[in-house]
Amino acid sequence: MSGMEAGLVRKYPSDAGGLRAARHGPHGHSASARTAHSMSASALRKKSDASLVRKVPFAPLRPVLANLQEVFLGTKLAVLFPAVPLAIAAQCANFGQVWVFALSLLGLIPLAERVSFLTEQIAIFTGPTVGGLLNATCGNATELIIALFALMQGKIEVVKCSLLGSVLSNLLLVLGTSLFCGGIVNLGVDQPYDRSQADVSTGLLILGVLCQSLPLMLRYAVGAGEHSVAAATTGLELSRACSIVMLLAYVAYLFFQLKTHTQLFEPQEVDEDGEDQEEAVIGFASGLFWLAFKTILIAILSEYVVGTIEPTSQSWGLSVSFISIILLPIVGNAAEHAGAVIFALKNKLDITLGVALGSATQISMFVVPLSVIVAWIAGIQMDLDFKLLETGTLFVSVIVTAFTLQDGTSHYLKGILLLLCYIVIGACFFVTRQPASHANGNGAGLAVPIGTWNAQVA
(Lines give C-alpha, C1' and ligand atoms only; values in the text may rest on other atoms or scores of the structure.)
Protein backbone atom coordinates (compact mmCIF):
# COMPACT_ATOMS: atom_id res chain seq x y z
CA MET A 1 0.00 0.00 0.00
CA SER A 2 1.43 3.36 -1.03
CA GLY A 3 1.86 6.26 1.35
CA MET A 4 -0.96 8.18 -0.34
CA GLU A 5 -3.31 5.21 -0.15
CA ALA A 6 -2.38 4.48 3.47
CA GLY A 7 -3.04 8.07 4.43
CA LEU A 8 -6.44 8.07 2.74
CA VAL A 9 -7.38 4.76 4.36
CA ARG A 10 -6.48 6.07 7.81
CA LYS A 11 -8.50 9.24 7.32
CA TYR A 12 -11.32 7.75 5.24
CA PRO A 13 -11.73 4.09 6.23
CA SER A 14 -14.95 3.77 4.23
CA ASP A 15 -12.93 4.07 1.02
CA ALA A 16 -10.41 1.39 1.99
CA GLY A 17 -12.52 -1.49 0.74
CA GLY A 18 -12.96 0.10 -2.67
CA LEU A 19 -9.25 0.67 -3.08
CA ARG A 20 -8.42 -2.88 -2.01
CA ALA A 21 -11.08 -4.31 -4.28
CA ALA A 22 -9.71 -2.29 -7.16
CA ARG A 23 -6.25 -3.69 -6.63
CA HIS A 24 -7.27 -7.33 -6.75
CA GLY A 25 -9.56 -9.51 -8.79
CA PRO A 26 -12.18 -11.87 -7.40
CA HIS A 27 -9.54 -14.46 -6.47
CA GLY A 28 -7.03 -12.08 -4.99
CA HIS A 29 -5.02 -11.63 -8.19
CA SER A 30 -4.26 -8.33 -9.74
CA ALA A 31 -7.01 -7.21 -12.07
CA SER A 32 -5.15 -4.56 -13.98
CA ALA A 33 -3.47 -4.87 -17.33
CA ARG A 34 0.19 -4.00 -16.82
CA THR A 35 1.29 -3.49 -20.38
CA ALA A 36 4.67 -2.37 -21.61
CA HIS A 37 3.21 1.07 -22.35
CA SER A 38 1.89 1.58 -18.84
CA MET A 39 5.08 0.31 -17.22
CA SER A 40 7.15 2.58 -19.43
CA ALA A 41 5.07 5.61 -18.49
CA SER A 42 5.30 4.69 -14.80
CA ALA A 43 9.05 5.31 -14.94
CA LEU A 44 8.32 9.05 -15.03
CA ARG A 45 5.91 9.06 -12.12
CA LYS A 46 6.67 10.06 -8.57
CA LYS A 47 4.96 9.25 -5.31
CA SER A 48 2.81 11.92 -3.75
CA ASP A 49 3.39 13.08 -0.21
CA ALA A 50 0.20 12.28 1.74
CA SER A 51 1.44 14.25 4.76
CA LEU A 52 0.75 17.52 2.95
CA VAL A 53 -2.88 16.58 2.43
CA ARG A 54 -3.32 15.49 6.05
CA LYS A 55 -2.24 18.95 7.25
CA VAL A 56 -5.25 20.60 5.61
CA PRO A 57 -7.59 21.59 8.49
CA PHE A 58 -10.81 21.28 6.46
CA ALA A 59 -11.38 17.50 6.31
CA PRO A 60 -13.90 17.34 3.40
CA LEU A 61 -11.35 19.13 1.20
CA ARG A 62 -8.63 16.51 1.70
CA PRO A 63 -9.88 13.90 -0.81
CA VAL A 64 -10.20 16.58 -3.49
CA LEU A 65 -6.69 17.87 -2.85
CA ALA A 66 -5.31 14.33 -2.79
CA ASN A 67 -6.93 13.70 -6.15
CA LEU A 68 -5.52 16.89 -7.65
CA GLN A 69 -2.10 16.08 -6.23
CA GLU A 70 -2.07 12.68 -7.91
CA VAL A 71 -3.38 13.94 -11.26
CA PHE A 72 -1.21 17.03 -11.65
CA LEU A 73 1.83 16.53 -9.41
CA GLY A 74 2.24 12.76 -9.60
CA THR A 75 4.68 13.00 -12.51
CA LYS A 76 8.22 14.20 -12.98
CA LEU A 77 6.94 16.20 -15.97
CA ALA A 78 4.68 18.41 -13.82
CA VAL A 79 7.04 21.31 -14.41
CA LEU A 80 5.75 21.46 -18.01
CA PHE A 81 2.08 21.85 -17.06
CA PRO A 82 2.26 25.69 -17.03
CA ALA A 83 2.79 25.51 -20.80
CA VAL A 84 -0.86 24.41 -21.20
CA PRO A 85 -2.52 27.61 -19.86
CA LEU A 86 0.24 29.70 -21.43
CA ALA A 87 -0.51 28.22 -24.85
CA ILE A 88 -4.23 28.91 -24.43
CA ALA A 89 -3.51 32.46 -23.25
CA ALA A 90 -1.10 33.08 -26.14
CA GLN A 91 -3.74 31.91 -28.61
CA CYS A 92 -6.49 34.04 -27.08
CA ALA A 93 -4.24 37.12 -26.91
CA ASN A 94 -2.87 36.61 -30.45
CA PHE A 95 0.60 36.70 -28.93
CA GLY A 96 2.29 34.97 -31.85
CA GLN A 97 1.64 31.78 -33.75
CA VAL A 98 5.17 30.49 -33.29
CA TRP A 99 4.84 30.85 -29.52
CA VAL A 100 1.48 29.11 -29.60
CA PHE A 101 3.03 26.23 -31.56
CA ALA A 102 6.00 25.84 -29.22
CA LEU A 103 3.97 26.11 -26.01
CA SER A 104 1.37 23.68 -27.33
CA LEU A 105 4.04 21.09 -28.09
CA LEU A 106 5.49 21.45 -24.61
CA GLY A 107 2.05 21.20 -23.04
CA LEU A 108 1.30 17.98 -24.91
CA ILE A 109 4.22 16.18 -23.22
CA PRO A 110 2.80 15.96 -19.66
CA LEU A 111 -0.77 15.58 -20.93
CA ALA A 112 0.16 12.48 -22.93
CA GLU A 113 1.85 10.97 -19.86
CA ARG A 114 -1.17 11.72 -17.66
CA VAL A 115 -3.53 10.09 -20.15
CA SER A 116 -1.43 6.94 -19.90
CA PHE A 117 -1.59 7.14 -16.11
CA LEU A 118 -5.37 7.61 -16.07
CA THR A 119 -6.03 4.74 -18.48
CA GLU A 120 -3.93 2.50 -16.24
CA GLN A 121 -5.88 3.60 -13.18
CA ILE A 122 -9.21 2.90 -14.91
CA ALA A 123 -7.86 -0.48 -16.06
CA ILE A 124 -7.37 -1.50 -12.42
CA PHE A 125 -11.13 -1.27 -11.93
CA THR A 126 -12.26 -2.66 -15.29
CA GLY A 127 -10.01 -5.73 -15.54
CA PRO A 128 -7.24 -6.75 -17.93
CA THR A 129 -9.32 -7.08 -21.11
CA VAL A 130 -11.04 -3.71 -20.95
CA GLY A 131 -7.83 -2.19 -19.62
CA GLY A 132 -5.91 -3.57 -22.56
CA LEU A 133 -8.46 -2.12 -24.96
CA LEU A 134 -8.18 1.24 -23.22
CA ASN A 135 -4.41 1.18 -23.55
CA ALA A 136 -4.74 0.14 -27.20
CA THR A 137 -7.14 3.02 -27.89
CA CYS A 138 -5.58 5.79 -25.80
CA GLY A 139 -1.94 4.73 -26.12
CA ASN A 140 -1.38 7.16 -28.98
CA ALA A 141 -4.21 9.60 -28.34
CA THR A 142 -2.04 12.61 -29.15
CA GLU A 143 -1.17 11.41 -32.66
CA LEU A 144 -4.76 10.38 -33.34
CA ILE A 145 -6.21 13.73 -32.26
CA ILE A 146 -3.62 15.73 -34.22
CA ALA A 147 -4.34 13.60 -37.29
CA LEU A 148 -8.10 14.11 -37.00
CA PHE A 149 -7.79 17.89 -36.61
CA ALA A 150 -5.43 18.12 -39.58
CA LEU A 151 -7.80 15.91 -41.55
CA MET A 152 -10.81 18.10 -40.82
CA GLN A 153 -8.81 21.14 -41.97
CA GLY A 154 -7.92 19.42 -45.25
CA LYS A 155 -4.20 19.15 -44.44
CA ILE A 156 -3.84 15.63 -45.83
CA GLU A 157 -0.06 15.76 -46.16
CA VAL A 158 0.29 16.87 -42.53
CA VAL A 159 -1.78 13.86 -41.49
CA LYS A 160 0.33 11.46 -43.53
CA CYS A 161 3.66 12.97 -42.51
CA SER A 162 2.84 13.09 -38.79
CA LEU A 163 1.71 9.45 -38.74
CA LEU A 164 4.67 8.34 -40.81
CA GLY A 165 6.96 10.25 -38.45
CA SER A 166 5.45 8.49 -35.43
CA VAL A 167 6.24 5.08 -36.90
CA LEU A 168 9.78 6.09 -37.91
CA SER A 169 10.39 7.69 -34.52
CA ASN A 170 9.38 4.56 -32.62
CA LEU A 171 11.25 2.12 -34.85
CA LEU A 172 14.49 4.04 -35.27
CA LEU A 173 14.83 6.85 -32.72
CA VAL A 174 13.24 5.31 -29.62
CA LEU A 175 14.42 1.77 -30.21
CA GLY A 176 17.84 2.94 -31.38
CA THR A 177 18.38 5.23 -28.40
CA SER A 178 17.20 2.53 -26.00
CA LEU A 179 19.43 -0.19 -27.43
CA PHE A 180 22.42 2.15 -27.57
CA CYS A 181 22.06 3.48 -24.02
CA GLY A 182 21.20 0.06 -22.65
CA GLY A 183 24.16 -1.47 -24.43
CA ILE A 184 26.58 1.11 -23.06
CA VAL A 185 25.31 0.88 -19.46
CA ASN A 186 25.12 -2.92 -19.52
CA LEU A 187 28.35 -3.44 -21.42
CA GLY A 188 29.61 -6.98 -20.96
CA VAL A 189 26.23 -8.16 -19.63
CA ASP A 190 23.87 -10.41 -21.55
CA GLN A 191 20.95 -8.34 -22.89
CA PRO A 192 18.26 -10.80 -24.02
CA TYR A 193 14.68 -10.16 -25.08
CA ASP A 194 11.77 -12.27 -26.23
CA ARG A 195 11.72 -12.54 -30.01
CA SER A 196 8.10 -13.71 -30.12
CA GLN A 197 6.65 -10.27 -29.46
CA ALA A 198 9.03 -8.65 -31.93
CA ASP A 199 8.13 -11.18 -34.65
CA VAL A 200 4.40 -10.50 -34.24
CA SER A 201 4.86 -6.72 -34.38
CA THR A 202 7.22 -6.74 -37.37
CA GLY A 203 4.85 -9.05 -39.25
CA LEU A 204 2.02 -6.57 -38.76
CA LEU A 205 4.27 -3.68 -39.75
CA ILE A 206 5.18 -5.45 -43.00
CA LEU A 207 1.49 -5.95 -43.72
CA GLY A 208 0.94 -2.25 -43.08
CA VAL A 209 3.74 -1.28 -45.48
CA LEU A 210 2.27 -3.58 -48.13
CA CYS A 211 -1.17 -1.97 -47.82
CA GLN A 212 0.37 1.51 -48.02
CA SER A 213 2.51 0.53 -51.03
CA LEU A 214 -0.30 -0.87 -53.18
CA PRO A 215 -1.95 2.49 -54.04
CA LEU A 216 1.49 3.91 -54.87
CA MET A 217 2.36 0.97 -57.11
CA LEU A 218 -1.05 1.15 -58.76
CA ARG A 219 -0.52 4.83 -59.61
CA TYR A 220 2.80 4.03 -61.26
CA ALA A 221 1.48 0.92 -63.01
CA VAL A 222 -1.55 2.63 -64.61
CA GLY A 223 0.41 5.63 -65.84
CA ALA A 224 -0.48 9.25 -66.55
CA GLY A 225 -2.49 11.03 -69.19
CA GLU A 226 -6.14 10.29 -69.79
CA HIS A 227 -6.14 7.46 -67.24
CA SER A 228 -4.86 9.57 -64.34
CA VAL A 229 -8.30 10.49 -62.99
CA ALA A 230 -9.51 6.91 -63.24
CA ALA A 231 -6.31 5.74 -61.53
CA ALA A 232 -6.88 8.22 -58.71
CA THR A 233 -10.41 6.94 -58.17
CA THR A 234 -9.26 3.32 -58.25
CA GLY A 235 -6.41 4.11 -55.88
CA LEU A 236 -8.82 5.75 -53.47
CA GLU A 237 -11.10 2.72 -53.50
CA LEU A 238 -8.11 0.41 -53.06
CA SER A 239 -6.90 2.49 -50.11
CA ARG A 240 -10.26 2.19 -48.39
CA ALA A 241 -10.33 -1.56 -48.94
CA CYS A 242 -6.79 -1.90 -47.60
CA SER A 243 -7.71 0.26 -44.59
CA ILE A 244 -10.55 -2.12 -43.72
CA VAL A 245 -8.14 -5.06 -44.01
CA MET A 246 -5.64 -3.30 -41.73
CA LEU A 247 -8.29 -2.60 -39.10
CA LEU A 248 -9.43 -6.23 -39.20
CA ALA A 249 -5.82 -7.33 -38.78
CA TYR A 250 -5.46 -4.99 -35.79
CA VAL A 251 -8.61 -6.39 -34.18
CA ALA A 252 -7.21 -9.90 -34.65
CA TYR A 253 -3.94 -8.71 -33.10
CA LEU A 254 -5.78 -7.35 -30.06
CA PHE A 255 -7.63 -10.66 -29.63
CA PHE A 256 -4.30 -12.47 -29.97
CA GLN A 257 -2.65 -10.17 -27.42
CA LEU A 258 -5.43 -9.90 -24.85
CA LYS A 259 -7.03 -13.35 -25.00
CA THR A 260 -5.24 -16.25 -26.66
CA HIS A 261 -1.51 -15.44 -26.28
CA THR A 262 -1.29 -13.03 -23.37
CA GLN A 263 1.90 -14.71 -22.15
CA LEU A 264 3.81 -13.35 -25.14
CA PHE A 265 3.08 -9.77 -24.14
CA GLU A 266 3.55 -9.91 -20.38
CA PRO A 267 6.27 -7.38 -19.51
CA GLN A 268 9.17 -8.23 -17.27
CA GLU A 269 8.44 -7.64 -13.61
CA VAL A 270 10.13 -4.62 -12.11
CA ASP A 271 10.17 -4.49 -8.32
CA GLU A 272 11.03 -1.13 -6.84
CA ASP A 273 11.41 -0.90 -3.08
CA GLY A 274 9.49 -4.16 -2.79
CA GLU A 275 6.16 -2.42 -3.31
CA ASP A 276 3.23 -3.47 -5.45
CA GLN A 277 3.10 -1.25 -8.48
CA GLU A 278 -0.55 -2.03 -9.29
CA GLU A 279 -2.37 0.29 -6.93
CA ALA A 280 -5.43 2.45 -7.45
CA VAL A 281 -4.64 5.92 -6.16
CA ILE A 282 -7.77 7.59 -7.57
CA GLY A 283 -11.33 6.36 -7.94
CA PHE A 284 -13.01 5.06 -11.07
CA ALA A 285 -15.35 8.04 -11.51
CA SER A 286 -12.61 10.61 -10.95
CA GLY A 287 -10.38 8.68 -13.36
CA LEU A 288 -13.01 8.92 -16.10
CA PHE A 289 -13.54 12.62 -15.40
CA TRP A 290 -9.85 13.48 -15.54
CA LEU A 291 -9.33 11.31 -18.63
CA ALA A 292 -12.06 13.25 -20.43
CA PHE A 293 -10.65 16.56 -19.18
CA LYS A 294 -7.08 15.76 -20.28
CA THR A 295 -8.34 14.54 -23.64
CA ILE A 296 -10.14 17.84 -24.18
CA LEU A 297 -6.95 19.73 -23.35
CA ILE A 298 -5.01 17.55 -25.81
CA ALA A 299 -7.65 18.30 -28.44
CA ILE A 300 -7.34 22.05 -27.83
CA LEU A 301 -3.54 22.04 -28.03
CA SER A 302 -3.61 19.72 -31.05
CA GLU A 303 -5.85 22.19 -32.87
CA TYR A 304 -3.36 24.94 -32.04
CA VAL A 305 -0.47 22.84 -33.36
CA VAL A 306 -2.23 22.05 -36.63
CA GLY A 307 -3.33 25.65 -37.12
CA THR A 308 0.12 27.15 -36.52
CA ILE A 309 2.37 24.58 -38.18
CA GLU A 310 2.64 26.50 -41.47
CA PRO A 311 3.50 29.92 -39.97
CA THR A 312 6.04 28.14 -37.76
CA SER A 313 7.49 26.42 -40.82
CA GLN A 314 7.98 29.79 -42.52
CA SER A 315 9.37 31.44 -39.39
CA TRP A 316 11.85 28.66 -38.60
CA GLY A 317 12.83 28.01 -42.20
CA LEU A 318 11.87 24.34 -41.94
CA SER A 319 9.60 22.43 -44.26
CA VAL A 320 6.18 21.32 -43.08
CA SER A 321 7.17 17.74 -43.86
CA PHE A 322 10.23 17.96 -41.60
CA ILE A 323 8.24 19.43 -38.71
CA SER A 324 5.50 16.81 -39.14
CA ILE A 325 7.80 13.82 -39.58
CA ILE A 326 10.58 14.71 -37.13
CA LEU A 327 9.55 17.33 -34.55
CA LEU A 328 5.93 16.40 -33.80
CA PRO A 329 6.60 12.71 -33.02
CA ILE A 330 9.66 13.49 -30.89
CA VAL A 331 7.88 16.02 -28.69
CA GLY A 332 4.47 14.35 -28.67
CA ASN A 333 5.82 11.04 -27.37
CA ALA A 334 8.68 12.35 -25.25
CA ALA A 335 7.32 10.90 -21.99
CA GLU A 336 6.75 7.43 -23.40
CA HIS A 337 10.10 7.47 -25.17
CA ALA A 338 11.94 8.45 -21.99
CA GLY A 339 10.32 5.56 -20.16
CA ALA A 340 11.46 3.11 -22.84
CA VAL A 341 15.05 4.31 -22.50
CA ILE A 342 14.91 4.08 -18.70
CA PHE A 343 13.86 0.43 -18.81
CA ALA A 344 16.56 -0.29 -21.40
CA LEU A 345 19.10 1.06 -18.92
CA LYS A 346 17.71 -1.47 -16.42
CA ASN A 347 18.17 -4.23 -19.02
CA LYS A 348 14.39 -4.73 -19.27
CA LEU A 349 14.31 -4.85 -23.07
CA ASP A 350 10.97 -6.63 -23.34
CA ILE A 351 9.31 -3.50 -21.98
CA THR A 352 11.33 -1.30 -24.33
CA LEU A 353 10.38 -3.40 -27.34
CA GLY A 354 6.76 -3.44 -26.22
CA VAL A 355 6.71 0.36 -26.17
CA ALA A 356 8.56 1.01 -29.45
CA LEU A 357 7.10 -1.79 -31.56
CA GLY A 358 3.68 -1.56 -29.91
CA SER A 359 3.34 2.15 -30.65
CA ALA A 360 4.58 1.72 -34.22
CA THR A 361 2.13 -1.13 -34.78
CA GLN A 362 -0.76 0.84 -33.32
CA ILE A 363 -0.05 3.86 -35.51
CA SER A 364 0.46 1.81 -38.67
CA MET A 365 -2.40 -0.67 -38.26
CA PHE A 366 -4.98 1.42 -36.37
CA VAL A 367 -4.49 5.19 -36.58
CA VAL A 368 -3.53 5.30 -40.29
CA PRO A 369 -6.45 3.20 -41.60
CA LEU A 370 -8.84 4.85 -39.14
CA SER A 371 -7.88 8.24 -40.59
CA VAL A 372 -8.69 6.98 -44.09
CA ILE A 373 -12.06 5.62 -42.94
CA VAL A 374 -12.92 8.85 -41.10
CA ALA A 375 -11.97 10.86 -44.21
CA TRP A 376 -14.19 8.56 -46.28
CA ILE A 377 -17.14 9.19 -43.94
CA ALA A 378 -16.47 12.95 -43.95
CA GLY A 379 -16.28 13.08 -47.75
CA ILE A 380 -12.56 13.89 -47.80
CA GLN A 381 -10.32 12.23 -50.36
CA MET A 382 -7.48 10.68 -48.41
CA ASP A 383 -5.72 7.56 -49.60
CA LEU A 384 -2.82 5.38 -48.44
CA ASP A 385 -0.45 6.74 -51.09
CA PHE A 386 2.29 8.27 -48.92
CA LYS A 387 4.36 9.11 -52.03
CA LEU A 388 7.54 7.37 -53.13
CA LEU A 389 10.07 8.92 -50.72
CA GLU A 390 7.91 8.47 -47.64
CA THR A 391 6.85 4.91 -48.47
CA GLY A 392 10.43 3.94 -49.32
CA THR A 393 11.77 5.21 -45.99
CA LEU A 394 9.01 3.37 -44.12
CA PHE A 395 9.71 0.11 -45.96
CA VAL A 396 13.46 0.29 -45.33
CA SER A 397 12.92 1.20 -41.67
CA VAL A 398 10.67 -1.82 -41.07
CA ILE A 399 13.11 -4.18 -42.80
CA VAL A 400 16.13 -2.79 -40.92
CA THR A 401 14.29 -3.11 -37.60
CA ALA A 402 13.19 -6.67 -38.38
CA PHE A 403 16.74 -7.75 -39.22
CA THR A 404 18.13 -5.95 -36.16
CA LEU A 405 15.84 -7.85 -33.78
CA GLN A 406 16.12 -11.31 -35.32
CA ASP A 407 18.67 -12.90 -32.93
CA GLY A 408 17.02 -12.17 -29.54
CA THR A 409 19.98 -10.32 -27.99
CA SER A 410 21.03 -6.69 -27.98
CA HIS A 411 24.19 -4.59 -27.91
CA TYR A 412 25.02 -0.94 -28.44
CA LEU A 413 25.97 -1.34 -32.13
CA LYS A 414 22.37 -2.19 -33.00
CA GLY A 415 21.29 1.08 -31.44
CA ILE A 416 23.93 3.00 -33.38
CA LEU A 417 22.73 1.52 -36.68
CA LEU A 418 19.10 2.41 -36.02
CA LEU A 419 20.02 5.93 -34.92
CA LEU A 420 22.14 6.49 -38.04
CA CYS A 421 19.22 5.38 -40.19
CA TYR A 422 17.01 7.93 -38.45
CA ILE A 423 19.59 10.70 -38.86
CA VAL A 424 19.92 10.01 -42.59
CA ILE A 425 16.13 10.01 -43.06
CA GLY A 426 15.82 13.21 -41.02
CA ALA A 427 18.51 14.88 -43.13
CA CYS A 428 16.63 13.86 -46.28
CA PHE A 429 13.41 15.52 -45.14
CA PHE A 430 15.35 18.50 -43.80
CA VAL A 431 16.62 19.42 -47.26
CA THR A 432 13.27 18.69 -48.93
CA ARG A 433 10.91 21.59 -49.47
CA GLN A 434 7.23 21.07 -50.28
CA PRO A 435 5.07 23.82 -51.76
CA ALA A 436 2.38 25.14 -49.43
CA SER A 437 -0.34 23.95 -51.82
CA HIS A 438 1.04 20.42 -51.57
CA ALA A 439 1.00 20.50 -47.78
CA ASN A 440 -2.59 21.70 -47.79
CA GLY A 441 -3.84 19.27 -50.40
CA ASN A 442 -7.28 17.81 -49.87
CA GLY A 443 -6.77 14.80 -52.07
CA ALA A 444 -6.43 16.54 -55.43
CA GLY A 445 -2.87 15.33 -55.60
CA LEU A 446 -4.19 11.88 -56.41
CA ALA A 447 -4.64 12.88 -60.02
CA VAL A 448 -1.12 14.24 -60.48
CA PRO A 449 0.72 12.45 -63.33
CA ILE A 450 3.44 10.09 -62.27
CA GLY A 451 6.11 12.14 -63.94
CA THR A 452 5.42 15.21 -61.82
CA TRP A 453 8.05 15.98 -59.19
CA ASN A 454 6.37 17.71 -56.25
CA ALA A 455 9.44 18.30 -54.13
CA GLN A 456 12.02 21.03 -54.42
CA VAL A 457 15.45 20.37 -53.02
CA ALA A 458 17.06 23.30 -51.31
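How many helices and strands are there in the chain? There are 19 helices and two strands, helices (H or I, at least four residues) and strands (E, at least two) being DSSP runs numbered from the N terminus. The model is predicted: local features need pLDDT of at least 70 and side-chain atom pairs pLDDT 80 or more, while totals for chains, interfaces and linings use all residues. Residues are numbered from 1 along each chain as its sequence is written, and side-chain values use heavy atoms, with hydrogens and water left out.

Of the 458 residues, 55% count as buried, that is, under 20% relative accessible area (1.4 Å probe, protein chains only). Contact means heavy atoms within 4.5 Å; among contacts between residues at least 6 apart in sequence, 84% join residues at least 24 apart.

Helix α9 (residues 141-152) has twelve residues and should span 16 Å at 1.5 Å a residue, which agrees with its end C-alpha atoms being 16 Å apart; the expected span is 1.5 Å times one less than the number of residues. Nine of the twelve residues are buried, so α9 is largely enclosed by the rest of the structure. Among them are L144, I145 and I146. Just after α9, G154 takes a positive phi of about 75 degrees.

The axes of α10 and α15, lines fitted to C-alpha atoms over the stretch in contact, come within 8 Å and cross at roughly 30 degrees. The two helices are therefore roughly parallel (angles under 35 degrees). The residues in contact are tabulated below.

| Helix | Contact residues |
|---|---|
| α10 | S169, N170, V174, T177, S178, C181, G182, V185 |
| α15 | E336, H337, A340, V341, A344, L345 |

Notes:
Buried < 20%, exposed > 50% of the residue type's maximum accessible area, 1.4 Å probe, protein only. Axes fitted to C-alpha atoms, helices over the stretch in contact; angles between N-to-C directions. Parallel < 35°, antiparallel > 145°, perpendicular 65-115°, else oblique.
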